[in-house]
Amino acid sequence: MRTQVGILGAGPAGLLLAHLLHLRGIDSVVLERQTREYIEKRVRAGLLEQGTVDLLASVGLADRLLRQRLVHHGLELLFDGVGHRIPMTELTGRELTIYAQHELIKDLVAARLGTGRPLLFEAPATDLADLGSTPVIKFVHNGQPGELHCDLIAGCDGFHGISRLSIPDGAVTAYDLEYPFAWLGILAQAPPSAEELIYSAHDDGFSLHSMRSPDITRLYLQVGLEEKLEEWPDDRIWAELRTRLARRDGFELADGPILDRGITALRSHVVDPMRYGKLFLAGDSAHIVPPTGAKGLNLAVADVSVLAAAIGEWYRTGSETGLDAYSATCLRRVWRVQHFSWWMTTTLHRIPGSDPFTRALQLSQLRYLTTSSAAATSFAEMYVGLPLSKGD
Ligand SMILES: Cc1cc2nc3c(=O)[nH]c(=O)nc-3n(C[C@H](O)[C@H](O)[C@H](O)COP(=O)(O)OP(=O)(O)OC[C@H]3O[C@@H](n4cnc5c(N)ncnc54)[C@H](O)[C@@H]3O)c2cc1C
């Protein structure tokens, strides 16, 4: 097989990149390790920045999203039993969209299949070769080994993919930070108990009330790194959520059947540069942020919007300027978002083993954020997302 751009991974990064290239008349093949059913049901992110929605709408991918989304104009920070609303739209003029990642994946898969261009499921890439000159992706499909020859490779295969691991030792620098806690996340068949997200910095640990639709609530609890799902029967999960989301003026948490549950460790990770020869990393294959700031999916979208423009310029004019600038352009945004996600994480979570001094600093910071319009505006600017054209 031969194509112009070989794309590893049918996550948000790979599928959106394929679409953006198609609109520029550039051919690609998308290889996905999992089945279509699996990726269209995989529960992950759900908060889209306005820049993400605007981009999707501008390329015809947001029809269902704009009909079905929930629009948010603020969020609540809960500490000391009192909720404080940050009015995001009032402070920034921008809004937030709630739309489940797997619904977006369904839209992106449908758009790709609609073009008639190749999207191969159950087709894991197994090796990347000749990345400096004429790249080849080795893969398996229907039990048969295959080779995909291409001009460029887009490594959109997430944190556990093979792209990043195919780069020789020493060719890139990896920055890594692991947090001493994890998130237990549930998806519940229950209407959200508040209209907006509630981030709770409770003495027992962080929790987050969010939602995916008017009938589905998404809830998270900070748990220990060693904890197992078996230690968290339904009753314990709901009791702990009620404790951590409690407030002095009362709060009724609606519960319901738990549809999905999982424990995810939190980490920050950056690869610099996001390129090796003709291999370009995008999305989670290049960087991971802790989910506290809801940035992972939005960063993946930002990366591929830069990459598609650079690849388009290269095919159109032969200029490598955009390709050469790709990594630095993305990394400016990535590091800003890394800082924001790390800051939200370390401010809102109970840090195991930390002293009262650390807790007092966290609470002081939260009080400042909820009483100073300058601090709230800075927070809101990052939370709603930097415009896609402005990465620094
Ligand atoms: C469990 C979990 C929960 C999350 N929750 C949140 C959240 O609540 N909020 C938030 O903002 N973000 C969340 N994220 C982050 C967000 O979902 C990611 O940032 C986003 O999916 C990144 O998109 P991507 O396309 O770069 O990578 P992915 O979505 O990971 O897509 C990569 C794709 O590549 C495929 N692949 C891997 N290896 C190969 C191979 N060898 N060959 C072919 N295909 C391959 C994978 O199957 C996958 O479909 C979560 C992530 C995870 C893992």
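**Notebook: ligand shell and overall fold**

I began with Gln101, where a polar side-chain atom sits 2.8 Å from an oxygen atom of the ligand. The model is predicted, so I treat each distance as computed.

I then looked up backbone partners of the ligand. At Ala125, a backbone N or O atom is 2.9 Å from a ligand nitrogen atom. At Pro12, a polar backbone atom is 3.2 Å from an oxygen atom of the ligand. I checked cover next: on its own the ligand has 980 Å² of accessible area, and the protein covers 87% of that.

I listed the shell. The ligand is surrounded by 31 residues, and Glu32, Arg42, Gln101, Tyr220 and Asp284 are the closest. Sorted by class, I get 15 nonpolar, 9 polar and 7 charged residues in the shell.

Which helix gives the largest share of the shell? I found α8, with 3 residues. Helix α8 spans 296–317, and α1 spans 12–23; each supplies at least two shell residues.

I turned to the whole protein and noted 11 helices and 19 strands. Along the principal axes, the C-alpha atoms fill a box of roughly 65 × 40 × 40 Å. I compared the radius of gyration, 21 Å, with the value near 21 Å for a compact globule of 392 residues, and the two agree.

Burial came next: 53% of the 392 residues count as buried.

Technical notes. Residues numbered from 1 in each chain as written. Predicted model: local features only at pLDDT ≥ 70, side-chain atom pairs only at ≥ 80, totals over all residues. Heavy atoms only, no water. Near = heavy atom within 4 Å. Polar contact = N/O pair within 3.5 Å; in protein donor to acceptor, adjacent residues only side chain to side chain. Areas by Shrake-Rupley, 256 points an atom, 1.4 Å probe, with all protein chains shown as cover. Helix = DSSP H or I, 4+ residues; strand = E, 2+ residues; numbered from the N terminus. Nonpolar A, V, L, I, M, F, W, Y, C, P; charged D, E, K, R; others polar. Rg over C-alpha atoms; globule rule 2.2 N^0.38 Å. Buried < 20%, exposed > 50% of the residue type's maximum accessible area, 1.4 Å probe, protein only.
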